[in-house]
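Thanks, everyone. Let me put the model up, and then we'll walk through it.

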Amino acid sequence: MMEEHVSVKDEAPAAGPTEAAAAETSPPRWLDELTPRQIVAELDQYIVGQDAAKKAVAIALRNRWRRQQAPEDLREEIMPNNIIMIGPTGVGKTEIARRLARLAGAPFVKVEASKFTEVGYVGRDVESIVRDLVDVAVNMIREEREADVEEQAQANVEERLLDLLLPAPEAPRKPAAGGPGGPGGDLGDGASIRAFVAGPSGPASEQSLDEEQRREERRQRTREKLRALLKDGKLEERTVDVEISQTPSIDGMMMPMGGGFEGMDFNFTEMLQDLMPKKKKRRTVSVAEARRILMQDELDRLVDMDDVVNEAMDRTEDMGIVFLDEVDKIVGERGGQGGPDVSREGVQRDLLPIVEGSNVQTKYGMVRTDHVLFIAAGAFHVSKPSEMIPELQGRFPIRVELETLTEKDFVRILKEPKNALLRQYQALVASENVELQFDDAAISEIARVAADVNERMENIGARRLHTVMTTLLEDLLFDLPDTAHDRVVIDADRVRERLKRIVEDDDLRRYIL
């Protein structure tokens, strides 16, 4: 793996002898800097509490790097320890997995287990999980490669725009009698100026004046002036003609009926589009739009998609992370006769080979799932993890139970994370040139209301804070553009006044909060 494509941090350490001996599918080189303790510290910036879950995923991520340092003959034998997180909704299960994937720079896909059906039923098959993961990896690697060649692409686009703004002169044409440049005619644009020079003994020689060279010098000066105007953004509204390729539409085409296309999803459609010849069309667009079109064309030309696909396949197999949400919805009491439980258990049986390791056909080739990390999550209110089929239970050796959020946790969630809810609303209000402030008593009251409603109704965790904050600030956000306030302070009295009627009325609370 080339260094420029895997370096994420500004100062990546040089590869040591152990890393040099590692396979091309090694994880990003900066991953060795992240110890489990540092990974937990990064997660703490966005997620409050849930230390046990953070510790488990941090160890799992570090083990990805440790596996690459193992001897070659043992590396393939080290399997990931898949994790199942158990806890009510809104406590941070999905956020932990999402932040972990961003931290690792790994292909990550989140899927709802309840959307999949057993083979033979109408619905998505479980192998589409791996196909989606590969698509994510391809897009990720492509973005990295595009970032590497962005400067070169911009320079190429600038030259192409200048060619469109100042087209090259036409090639000189042979003058015809009576025509431009001929006897009795005017000089054409591309014709050279020729003269006869008379010497002492009469017409001595025919000398060609270097008008073409002077014309080219003038053209270059004009081109540089246009370049300066282009960089200053003064030509964005000027129109130019560009040639674009259009992918033919296959809408309305008859698809073959019968078997042989199970699990293809939209890959068959994409394959047909790739086989059909692309049409070229000239369009008159602004310079700004032409820059966007030409930039994409240059990136497509500079990025080697074969190399991108190869690295994406390797990164998927060695670093891919699949988050199976709502896994409890496919768990039912075993031994039941008929009903939906048959399909649920069938989905588990279909998931088993993917989780334990198998080869899945994608449009880019075969992908092995032996070393893909699977993180399952579910509330398990009705069912229990022990009701999963035993083979699937054994593929999730690490079980972590997430704690229910309390009022104190809500206060921390409102204030501490980088993307705290209060900061989000303050940023929204700041766009209207108004400063929004919350005093500590107001924050405590918001947390108390959210915890009280969760206790008296369905517990939806931290998502309750969104409904409470939306109700609290509804009038303010509506009237904000028409007010002349520079600063708005939310105190506890205002919170109680705005939410008192709704909290005390069971019907209103049920439908609003």
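Start at Gln50, which is found in the loop between H3 and H4. Helices here are DSSP runs of H or I with at least four residues, strands are E runs of at least two, and both are numbered from the N terminus. Gln50 is buried, at a relative accessible area of 6%. Buried means under 20% relative accessible area, exposed means over 50%, and partly exposed is in between, with a 1.4 Å probe and protein chains only. The phi of Gln50 is near 55°, a positive value in a residue other than glycine. For background, most residues other than glycine have a negative phi.

Before going on, the ground rules. This is a predicted model, where local features need pLDDT of at least 70 and side-chain atom pairs count only at pLDDT 80 or more, while totals for chains, interfaces and linings use all residues. Residues are numbered from 1 along each chain as its sequence is written, and side-chain values use heavy atoms, with hydrogens and water left out.

Glu326 is not a glycine either, yet its phi is positive, about 55°. Glu326 is placed in the loop between strand E7 (321-325) and helix H13 (340-356). Glu326 is partly exposed, with 27% relative accessible area.

Which residues of helix H3 (residues 36-44) are buried? They are Ile39, Val40 and Leu43. Looking down the axis of H3, the buried residues fall within an arc of 100°, so they line one face of the helix. That arc is taken over the directions from the helix axis to the C-beta atoms. What do the buried residues of H3 pack against? Helix H4 (51-69) and helix H6 (93-104). The charged end of Arg99 sits over the ring of Tyr46, 3.9 Å from the ring centre. The rule there: NZ of Lys or CZ of Arg within 6 Å of the ring centre and within 35 degrees of the ring normal.

Next, the whole chain. The secondary structure comes to 21 helices and 13 strands. The chain has 513 residues, and buried ones make up 41% of them. Of the contacts with a separation of 6 or more, 76% are between residues 24 or more positions apart. Contact means heavy atoms within 4.5 Å.

One such place is Leu480. Leu480 lies in the loop between helix H19 (474-479) and strand E13 (487-490). Is Leu480 buried or exposed? Buried, at 6% relative accessibility. Setting aside neighbours within four places in sequence, Leu480 is in contact with Val429, Glu432 and Val434. Leu480 and Glu432 are 48 residues apart in sequence, and their C-alpha atoms are 7.3 Å apart in space.

Last topic: charges. How many salt bridges does the structure hold? The count is 39. A salt bridge is a side-chain nitrogen of Lys or Arg within 4 Å of a carboxyl oxygen of Asp or Glu.

Take Glu76 and Arg368, with closest N and O atoms 3.5 Å apart. Glu76 lies in the loop between helix H5 (72-75) and strand E1 (83-86), and Arg368 in strand E9 (residues 365-368), so the pair ties together parts that are 292 residues apart in sequence. Glu76 is partly exposed at 35%, and Arg368 is partly exposed at 34%.

Then Arg223 and Glu159, which meet in a salt bridge at 2.8 Å, N to O. Arg223 is in helix H9 (residues 211-231) and Glu159 in helix H8 (residues 150-165), 64 residues apart. Arg223 counts as buried at 8% relative accessibility, while Glu159 is partly exposed at 31%.

Helix H8 comes up again. Asp297 forms a salt bridge with Arg160, at 2.9 Å between the closest N and O atoms. Asp297 is in helix H11 (residues 287-302) and Arg160 in helix H8, 137 residues apart.
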